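Subject: Structure handover

Hi,

Here is the structure for you to look through. My notes follow below it.

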Amino acid sequence: MKVIAESGSTRTEWALVEGEQLIQRIFTDGLNPFFQTRREISRCVRLGLPEIFFKKKLEQVYYYGAGCTSHEKKNILGASLVAQFKTPIQVESDLLAAARGLFKHEAGIACILGTGSNSCFYNGKIIVKNVRAGGYILGDEGSGAVLGKVFLSDVLKGLSPREITEHFFETFRISPDEIMDSVYNHPFPSRFLSTVSYFLADHLDNEYVFNIVTSNFRNFFTRNISQYDYHNYPIRFVGSLAHTYAPVLRQVAQEFGITVDMIEETAMDGLIKFHAIQTED
């Protein structure tokens, strides 16, 4: 029996599995060693998961997460998880989770569009090339955080359509000062920005909204995908934002001569199959 976990900046999906059989699936808050200490991560894991995850005899815990891009950050997560599960832990990046979940052992370009964004060329075994994501301040084109940032900037400067702005304030019950406070003074501002981005999904018939969503996706293709050999390999997407805006994403991809053959909300189903195959091998 194994535990497979895949974490973005907003939420973590945990699966207790036996081969390809899913025993239990649960979601907790996102974990990120860039923003949380080892103790905070341990507390979140212990309080967020039901006891069955700790009482079962586990062969291995496979954890894939945002922020797990260096040995230092992986060690923070690994130490936190070993303390809770008392079993061997393998910590990898959420980008490798996307690649394995989307392609298993095939080669292709794997993309994440969720709270943040990322991409890579995966040769069926390892990530061979990665255009650095840059985070929601220096990069993350196509992500929910950047889409939310662009929209809120327009709202604060009075550039968004009046009816959209009014509906936004009615929906979120928030003032301009509280927006500033949430972005600059509260923890995990990217989560807040990403939450705002999903508001736009109900207004895609508005030209302004449609244009900022498509512009966000075009920036992702222009600044990231164009640096891969995208004409000769399949491109697939995973992430809540990609899933929510799938028709628009496919439309923008067509502008670049790309047909997207798979868009998944999470990588978990693919990861379960990947690790079942690994066990058989």
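Start with a helix pair. Helix α6 (residues 144-156) packs against helix α10 (residues 207-223) at an angle of about 140°, and their axes are 10 Å apart. That makes α6 oblique to α10. On the α6 side the contact is made by V146, L147, F151 and D154. On the α10 side it is made by Y208, I212, V213 and N216. By class, six of these residues are nonpolar, one is polar and one is charged. The crossing of α6 past α10 is right-handed.

Before the rest, the provenance. This is a predicted model, with residues numbered from 1 along each chain as its sequence is written. Local features need pLDDT of at least 70, side-chain atom pairs count only at pLDDT 80 or more, totals for chains, interfaces and linings use all residues, and side-chain values use heavy atoms, with hydrogens and water left out.

The terms, once each:
- Helices (H or I, at least four residues) and strands (E, at least two) are DSSP runs, numbered from the N terminus.
- Axes are lines fitted to C-alpha atoms, for helices over the stretch in contact, and angles run from 0 to 180 degrees between N-to-C directions.
- Angles under 35 degrees count as roughly parallel, over 145 as roughly antiparallel, 65 to 115 as roughly perpendicular, and the rest as oblique.
- A crossing is right-handed if the near helix is turned clockwise from the far one by less than a right angle, and left-handed if anticlockwise.
- Contact means heavy atoms within 4.5 Å.
- Nonpolar covers Ala, Val, Leu, Ile, Met, Phe, Trp, Tyr, Cys and Pro; charged covers Asp, Glu, Lys and Arg; the others, Gly among them, are polar.

Helix α1 (residues 38-48) and helix α3 (residues 71-85) pack at an angle of about 40°, with axes 9 Å apart. α1 is therefore oblique to α3. Their crossing is right-handed. From α1, the contact uses R38, I41, S42, V45 and R46. From α3, it uses I76, L77, A79, S80, L81, Q84 and F85. The class count for α1 with α3 is seven nonpolar, three polar and two charged residues.

Look at R38 in helix α1. Leaving aside neighbours within four places in sequence, R38 is in contact with I76, A79 and S80. R38 counts as partly exposed, at 48% relative accessibility. The cut-offs: buried is under 20% relative accessible area, exposed is over 50%, and partly exposed is in between (1.4 Å probe, protein chains only). R38 and E92 are 54 residues apart in sequence and 16 Å apart in space, C-alpha to C-alpha.

A covered helix

How many residues of helix α9 (residues 189-197) are buried? Eight of its nine, and the helix is mostly covered. The buried residues are P189, S190, R191, F192, L193, S194, V196 and S197. Their cover includes α5 (135-138), α6, α7 (162-172), α8 (176-184) and α11 (240-244).

Loop residues

I174 is found in the loop between α7 and α8. At 15% relative accessibility, I174 counts as buried. Beyond neighbours within four places in sequence, I174 is in contact with F168, F169, I179, S182 and F192.

I258 sits in the loop between α12 (246-255) and β10 (262-264). I258 is buried too, with a relative accessible area of 5%. The C-alpha atoms of I258 and P234 are separated by 8.6 Å, and the two residues are 24 residues apart along the chain.

Positive phi

Most residues other than glycine have a negative phi. K86 has phi near 55°, a positive value. K86 is in the loop between α3 and β5 (89-93) and counts as exposed, at 67% relative accessibility. K104 also has a positive phi, near 55°. K104 is in the loop between α4 (94-103) and β6 (108-113) and counts as partly exposed, at 22%.

Cysteines

The structure holds zero disulfides (a disulfide being a pair of cysteine sulfur atoms within 2.5 Å). C68 is in none, and the nearest cysteine sulfur, that of C44, is 13 Å away. C68 is buried at 1% relative accessibility. C120 is buried, with a relative accessible area of 0%.

Best wishes
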